[in-house]
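The stops below go from the whole chain to single residues.

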Amino acid sequence: MFKELNPLLHSELRLAVMSLLISVEEADFVYIRQQTGATAGNLSVQLDKLAKVGYIVVTKTFKGKMPCTLCKITPQGIDAFEEYVEALKSYIMK
C-alpha cells in the first residue's frame, strides 16, 4: 500500500527549501533563492506557508544596515520531512 504524500511538501519549491534547511543550522533568504532559482516573491510566499504550519521559523534581522531574513527548520519540520521521505520510499521500493 502506498503511503499518503504530504501535500504541503509535495510542492517542488517547498520540498527544495526543506531539503536545504534540513542539512544546515539556518540559511538566509538570498542563499535559498540562489540555490532554488526561485523568484523572491514566490519564495517569500512558500516560506510563509512553511512557517504557518510550523515547519520552519523565519527571523527578520539586519546585517549592518541591510535587512536579512533567516530560516531554520523546526523539530516538527524535521519530522514532517522524514515522514515525507519514508512515504516517497513506499512508491519507489514497490
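Helices here are DSSP runs of H or I with at least four residues, and strands are runs of E with at least two, numbered from the N terminus. On that basis this predicted model has four helices and three strands in its chain.

**Whole chain**

Of the 94 residues, 36% are buried. Show the surface next: its accessible area is about 6100 Å², and carbon and sulfur atoms account for 57% of that. For contacts between residues at least 6 apart in sequence, 56% link residues at least 24 apart.

**The annotated stretch**

Select residues 13-92. An unreviewed UniProt entry places the feature "domain: Winged helix DNA-binding" there. This stretch is 60% helix and 22% strand, and its end C-alpha atoms lie 21 Å apart.

**The core**

Hide the surface and show side chains. Which residues touch the most other members of the largest nonpolar core? They are Val17, Met18, Leu21, Ile32, Leu43 and Leu50, in a core of 23 residues. To see where the core comes from, colour helix H1 (12-21), helix H2 (29-36), helix H3 (40-52), strand E3 (66-73) and helix H4 (75-92), each of which supplies at least two of its residues. H1 gives the most, with five.

Now centre on Met18. Setting aside neighbours within four places in sequence, Met18 is in contact with Leu9, Leu50, Tyr55, Ile56, Ile73, Gly77 and Phe81. Leu50, one of these partners, is also among the core residues that touch the most other members.

**Helix H3, Val45**

Select Val45, which sits in helix H3. Is Val45 buried, exposed or partly exposed? Val45 counts as partly exposed because its relative accessible area is 42%, between the 20% and 50% cut-offs. Draw a C-alpha to C-alpha distance from Val45 to Arg14: the two are 31 residues apart in sequence and 9.9 Å apart in space.

**The surface patch**

Bring the surface back and select Phe2, Leu88, Tyr91, Ile92 and Met93. Together these residues form a nonpolar patch on the surface, with about 540 Å² of accessible area. Finish on Tyr91, a residue of helix H4. Tyr91 has a relative accessible area of 39%, so this residue is partly exposed.

How values were computed: Residues numbered from 1 in each chain as written. Predicted model: local features only at pLDDT ≥ 70, side-chain atom pairs only at ≥ 80, totals over all residues. Heavy atoms only, no water. Core = buried A, V, L, I, M, F, W, Y, C linked by side-chain atoms within 4.5 Å. Buried < 20%, exposed > 50% of the residue type's maximum accessible area, 1.4 Å probe, protein only. Contact = heavy atoms within 4.5 Å. UniProt positions renumbered as here; feature names shortened; annotations may be inferred. Patch = residues over 30% accessible without salt bridge, like charges linked within 9 Å, V, L, I, M, F, W, Y side chains within 5 Å. Areas by Shrake-Rupley, 256 points an atom, 1.4 Å probe, with all protein chains shown as cover. Salt bridge = Lys/Arg side-chain N within 4 Å of Asp/Glu carboxyl O.
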